[in-house]
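Let's take a walk through a protein model together.

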Amino acid sequence: MVPTNRVVIVGGGPGGYEAAHVAAQLGAQVTVVDSDGIGGSAVITDCVPSKTLIATAEVMTEVTDAAELGVSFRDAEGDSAATVVVDLARVNARVKALAAEQSADIQRRLERDGVRVVHGRGRLAGPQQVVVQLAGGGEEVLDADAVLLATGAAPRTLPTAQPDGERILTWEQVYDLTEVPTSLVVVGSGVTGAEFASAYLALGIPVTLVSSRDRVLPGEDADASAVLEQVAVRRGMNVLSKSRMESVTRDGDVVTVTLTDGRTVEASHCVLALGSVPKTEDLGLAEAGVLVDEGGFIRVDRVSRTSARGVYAAGDCTGVLMLASVAAMQGRIAMWHFLGDAVAPLDLKQVSSNVFTAPEIATVGWSQQAVDNQEIEAEVVMLPLAGNARAKMQGVKDGFVKLFCRPGTGIVVGGVVVGPRASELIHPVSLAVAQSLTADQLAAAFTVYPSMSGSIAEAARRLHRV
Ligand SMILES: Cc1cc2nc3c(=O)[nH]c(=O)nc-3n(C[C@H](O)[C@H](O)[C@H](O)COP(=O)(O)OP(=O)(O)OC[C@H]3O[C@@H](n4cnc5c(N)ncnc54)[C@H](O)[C@@H]3O)c2cc1C
C-alpha cells in the first residue's frame, strides 16, 4: 500500500483552508492548526467584515443618490425626510454574526472533507514537525511529510500611534463600535484606508483621509485614483495629501492626529491603516532553515516552496500579493506541487483585484504604469462610462473602462474598470488576459443592451486595427 502523505497546515485562513481542501482531495492526511479561528483574518477581521460593512455603505450611497432618479423619502406624516441614518451597532452586530457563521461554515466543510482541525498555536520543530500549544492547554506534536505555513499578517502600528481599541482603532477593532463616530480620521490611503474612508463617508460620518503621498491609492492606476479622489472630495471627504502622520493621541473624547509638518487634525475617532506585518515570529523558521526577507516575510518561489525542503508557505506571511484570492491560490499550488498533481506556477499578471470604494476600482494584468515605464509595449484605450446608456439610466457619471493590448497581435494584456460593481465587470477582461484573447475576440462576444459591460466590448472594438 502507498503510504499516506501527512500534511500539516499552520494557519486556517484562505492560504491554509483552501490548501487543506486540495490536499484532502488528493488523498493526503491533513491537519490544520489555527490559533484565532478558521477562516483566518480574511473571514474574522479583514476581508469579510469590511465587505459586509461596505455592503451597508453601498445602500447608503444609492439612497443618497436616489433623488436624481426621482425617489424622495417621506416620514409618516408625508413630510419630506431629509436624512437617512445608519444604526452602527446593528451594522456591526450583523458584520460579526456573518463573519462567525462564515468561519463555522468553513470549519464544517473542512471536517466534511476529513480534515482534522486543531485549535492552538503551531511552531516548527524542524522542517517535518509542528509543535502545537493547544488552545485548551497542553501540547501536541504533529509529524509531517510536508508543512504549509499560512500564518497571515497583522495591522502595523507605530510607537507614536498606538490603538486603544476605543477611539484609536486598527481595522480589526472598528466592529466593536456601537455608536456612530461624530468625525473620523483615517490614516493611510492605500487600499484599506481608502475603503474605510469611503465606507464611513457613505455612512454619513465626516471623514478626513491622511495620505502621505500626492494621491490616494498610490499603488493603483493613476486615472482610477484620480476619479476616486474627485468623487470622494465631491461627496465631502477631506483629503489631506502629502501629509505624513507623526503621532496619534487621545484626550478624553478627542483624538488628535499630528502631522510631520506640525499641522493637527482632530476627530472623535481614528482608524489606522498603516499596512501589515507578517506573523512569522516565534514560528521556529530559522531553526527549520526557512529564510525570511528583511521585512520578516517568508521567501517563496512561484510554487510556494520555501528554502527548507518540504516546507511551503502561502498568503500574507509571504508578502507576495496580500489578497485572499492569491493566498488561496498559493496554498492550492503548494499542495498540487507536493502531491504531484498538475501545477502551473503563480502568475501575478493574471490576478484580478478590486478596491471596494465608491466607485469601485478593478484591475487585472499589466498596468498603465508598466506601459509608461516601457516594461511592456501596449496600445491603450480608455472609455468613460458616462457615455454608456445603462450608466445614464442609473445616474452613473463617474468611471471608465481601460484596456491594454499588444500592438501586433492585439492580445489583451490588462485592463482597469472604475465604476459601480467594477469587481463584477472585470471578469471578461480577466478571462481575456488569462486565455490570451485578442481585443477582436473580446469585442465579438455579445453583451446585453443596455449594460455596463457593453463599454468593455466597445473599448475592445476601439482597439481593432485593420
Ligand atoms: C481590511 C482588509 C480588507 C481586505 N479585503 C480583501 C478583499 O476584499 N479581497 C481580498 O482578496 N483580500 C482582502 N484583504 C486581504 C486578505 O484579508 C488577506 O490577503 C488574507 O487574509 C490572507 O490570507 P492568509 O491565509 O494568508 O492569512 P489570514 O487570513 O490572516 O489567516 C491566517 C490565520 O493563521 C492564524 N495563525 C497565525 N499564526 C499562527 C500560528 N503560529 N499557529 C496557528 N495559527 C496561526 C491566524 O490567527 C489566522 O487565523 C483584506 C485585508 C484587509 C486588512
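Which residues does Ser 455 touch, not counting residues up to four places away in sequence? Its partners are Leu 383, Leu 385, Asn 388 and Val 401, where contact means heavy atoms within 4.5 Å. Ser 455 sits in helix α14 (residues 453-462). Helices here are DSSP runs of H or I with at least four residues, strands are runs of E with at least two, and both are numbered from the N terminus. Because its relative accessibility is 5%, Ser 455 counts as buried; buried means under 20% relative accessible area, exposed means over 50%, and partly exposed lies in between, using a 1.4 Å probe and protein chains only. Ser 455 and Ala 386 are 69 residues apart in sequence, while their C-alpha atoms are 10.0 Å apart in space.

A word on what you are looking at. This is a predicted model, in which local features need pLDDT of at least 70 and side-chain atom pairs count only at pLDDT 80 or more, while totals for chains, interfaces and linings use all residues. Residues are numbered from 1 along each chain as its sequence is written, and side-chain values use heavy atoms, with hydrogens and water left out.

Now find helix α3 (residues 47-65). Its 19 residues should span 27 Å at 1.5 Å a residue, and its end C-alpha atoms are 26 Å apart, which agrees; the expected span is 1.5 Å times one less than the number of residues. Among the buried residues of α3 are Val 48, Leu 53, Ile 54 and Met 60. What covers the buried residues of this helix includes α2 (40-44), α4 (88-112) and α5 (191-202).

How do α3 and α4 meet? Their axes come within 9 Å and cross at roughly 140°. Axes are lines fitted to C-alpha atoms, for helices over the stretch in contact, and angles run from 0 to 180 degrees between N-to-C directions. The two helices are therefore oblique to each other: angles under 35 degrees count as roughly parallel, over 145 as roughly antiparallel, 65 to 115 as roughly perpendicular, and the rest as oblique. Residues in this contact include Leu 53 of α3 and Leu 98 of α4.

Helix α1 (residues 14-25) also meets α4: the axes of α1 and α4 come within 10 Å and cross at roughly 25°. That makes α1 roughly parallel to α4. The contact is made by Tyr 17, Ala 20 and His 21 of α1 and Ile 106, Arg 109 and Leu 110 of α4.

Helix α1 turns up again beside helix α8 (residues 324-338): the buried residues of α8 pack against β1 (6-10), α1, β6 (146-149) and β17 (311-313). After α8 comes Gly 340, with a positive phi near 75°.

Finally, visit some loops. Leu 217 has a positive phi of about 45° although it is not a glycine, and it lies in the loop between β10 (207-210) and α6 (222-234). Lys 242, in the loop between β11 (238-240) and β12 (245-251), also has a positive phi, near 45°. Is each of these two buried or exposed? Leu 217 counts as buried because its relative accessibility is 1%, whereas Lys 242, at 62%, counts as exposed. Last stop: a cis peptide bond joins Ala 358 and Pro 359, with omega about 0°.
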